[in-house]
Amino acid sequence: MTTTGVGDGDEVRIRQAVQADLLAVLRIERASFPQPWPFSAFERYLGEPGFLVAVEDSGRDDSDAESVVGYVVADLVPNHGRAFGHIKDIAVHPDRRGEGVGRTLLGRALAVLGTRGARSVKLEVRASNDPAISLYEEFGFEFLRTLPRYYDDGEDALILVVDLNDS
């Protein structure tokens, strides 16, 4: 388990997602994207090492009470016999953006993928999502190509790739 300080002295911990996290993950997904994943999509990734959540104490007396403030879904895809990582989804609660939660989640996901044998990792991002693109570039992601009209609203997606051996 990784602990990191973000904003105002709060501690955010990164751990593997569990069933009890899914409603909070879905709420963040719906607040973050015009085309949110359905609940069943997140259920499908439960138990995967790359489905991680960022949690913090909820402030209740119950010592097990945590609030999910962000998540990432990443996995390995076969690629001609070589493991290739794929960041499928990442989001941070709108009230917690700009505090480094997304950076921490992305770093941890890349580490998980690397330890599972991925040499490269790809992701798709809306061409207009400048904050996300900037974050990905910080981690060494580079533009590979554009997928025209990838999203239902007609917006293009950029495919970005990072070679984990270079980062």
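**Salt bridges in a predicted model**

Good morning. Across the whole structure, a search finds 11 salt bridges.

First, the overall architecture. The chain contains 4 helices and 8 strands, and along the sequence they follow the pattern β-β-α-α-β-β-β-α-β-α-β-β. Of the 167 residues in the chain, 43% are buried. Among contacts with a separation of 6 or more, 58% are between residues 24 or more positions apart.

Let us turn to individual pairs. Arginine 13 and aspartate 57 form a salt bridge through their side chains, at 3.5 Å from N to O. Because arginine 13 lies in strand S2 and aspartate 57 in strand S3, this pair ties together parts that are 44 residues apart in sequence. Are the two partners buried or exposed? Arginine 13 counts as buried, at 13% relative accessibility, whereas aspartate 57 counts as exposed, at 53%.

A further salt bridge joins the side chains of aspartate 21 and arginine 15, at 2.7 Å from N to O; both of these residues are buried.

Lysine 122 and glutamate 124 also meet in a salt bridge, at 3.7 Å from N to O. Here lysine 122 is partly exposed, with a relative accessible area of 23%, while glutamate 124 is buried, at 18%. Elsewhere, salt bridges with shared partners link Arg13, Arg15, Asp21, Asp57 and Glu66 into one network.

Finally, strand S3, residues 51–57, also holds glutamate 56. Glutamate 56 is buried, with a relative accessible area of 16%, and its side chain makes a polar contact of 2.6 Å with the side chain of arginine 96.

Thank you.

How values were computed
Residues numbered from 1 in each chain as written. Predicted model: local features only at pLDDT ≥ 70, side-chain atom pairs only at ≥ 80, totals over all residues. Heavy atoms only, no water. Helix = DSSP H or I, 4+ residues; strand = E, 2+ residues; numbered from the N terminus. Buried < 20%, exposed > 50% of the residue type's maximum accessible area, 1.4 Å probe, protein only. Contact = heavy atoms within 4.5 Å. Polar contact = N/O pair within 3.5 Å; in protein donor to acceptor, adjacent residues only side chain to side chain. Salt bridge = Lys/Arg side-chain N within 4 Å of Asp/Glu carboxyl O.
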